[in-house]
Amino acid sequence: IPEDDPVRFPVDLLTPLGRIAYETLHTRALGYLLNVESGHGFGNQILGYFLEKVANLEDDTGAAKILTFVRDPRAKISVTPEYRFCVEGFRDRSVARCDIWITIESRKGNALLIVENKIGALESDGQLAWYRRKANEWCKKKKGLRLLIYLAPEPTEKDHWVGMTYFHLASALRRAWRTNPHVAGQA
């Protein structure tokens, strides 16, 4: 992406609204963009470019294989922002939520993506490990693949999680827009 591209500009629409660090708002917007059935008109392109970006960051994540599932025209893709779990064994908490839970079921295979969106807050103790266990349970039941993505402003290394920055996300969104500049969501 060229240095003078607008995606690199420090201007955003959430700062004037006082919501720049409002993680829930970011998560809902991201869920909308990744949802292939949203009214934005991009279909599975944004999710596809997002997975391509992940595969380019780390090629052994399974993202390239999951991308083939997404591109299956009969794939059933479900995107749930603020996915809630019942928490067993914790006295002080009965419900937890991961930021975005994406299931893909196709003739080619099944996959689960969990996107943990971190703007400023740190994850709670054991949070990522707990989500990973839940993902593993889903994958065992569905005989599927899992992909865990840790989305943050800066590159962040976490065990079993692929670190992705908002700049990487913006470049995937930009590619979808440049590929299809006249989709319904831009009217």
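Arg71 is partly exposed, with a relative accessible area of 49%. That value falls in the class between buried, which means under 20%, and exposed, which means over 50%. Keep in mind that this is a predicted model.

Where does Arg71 sit? Its place is in the loop that joins H3 to strand S1 (76–86). Leaving aside residues up to four places away in sequence, Arg71 touches Asn44 and Glu52. Lys108 is 37 residues from Arg71 in sequence, and the C-alpha atoms of the two are 9.8 Å apart in space.

## How H2 and H3 pack

Two packed helices are described by the angle between their axes and the distance between the axes. For H2 and H3, the angle is about 165° and the axes are 8 Å apart. That makes H2 roughly antiparallel to H3, because angles over 145 degrees count that way. The crossing of the two helices is left-handed.

Which residues make the contact? From H2 come Leu47, Gly48, Leu51, Glu52, Val54 and Ala55, while H3 brings Ala63, Ala64, Ile66, Leu67 and Val70.

In soluble globular proteins, nonpolar side chains tend to be buried together. The largest nonpolar core here has 36 residues, and the members that touch the most others are Leu47, Leu51, Ile77, Ile102, Ile104, Leu113 and Leu147. Helix H2 (residues 45–57) gives the most to this core, with seven residues. Another core lies apart from it, with 15 residues that include Leu112, Tyr131, Ala135 and Leu148.

Ile77 deserves a visit of its own. Beyond residues up to four places away in sequence, Ile77 touches Val36, Glu37, Leu47, Val70, Ile102, Thr103 and Ile104.

## A lysine to find: Lys118

Is Lys118 buried or exposed? Lys118 is buried, with a relative accessible area of 7%. You will find Lys118 in the loop between strand S3 (109–117) and helix H4 (127–142). Not counting residues up to four places away in sequence, Lys118 touches Glu23, Glu123, Gln127, Tyr150, Leu151, Ala152, Pro153 and Tyr166.

Technical notes: Residues are numbered from 1 along each chain as its sequence is written. This is a predicted model: local features need pLDDT of at least 70, side-chain atom pairs count only at pLDDT 80 or more; totals for chains, interfaces and linings use all residues. Side-chain values use heavy atoms; hydrogens and water are left out. A nonpolar core is a set of buried Ala, Val, Leu, Ile, Met, Phe, Trp, Tyr and Cys residues joined through side-chain atoms within 4.5 Å. Buried means under 20% relative accessible area, exposed over 50%, partly exposed in between (1.4 Å probe, protein chains only). Helices (H or I, at least four residues) and strands (E, at least two) are DSSP runs, numbered from the N terminus. Contact means heavy atoms within 4.5 Å. Axes are lines fitted to C-alpha atoms, for helices over the stretch in contact, and angles run from 0 to 180 degrees between N-to-C directions. Angles under 35 degrees count as roughly parallel, over 145 as roughly antiparallel, 65 to 115 as roughly perpendicular and the rest as oblique. A crossing is left-handed if the near helix is turned anticlockwise from the far one by less than a right angle, and right-handed if clockwise.
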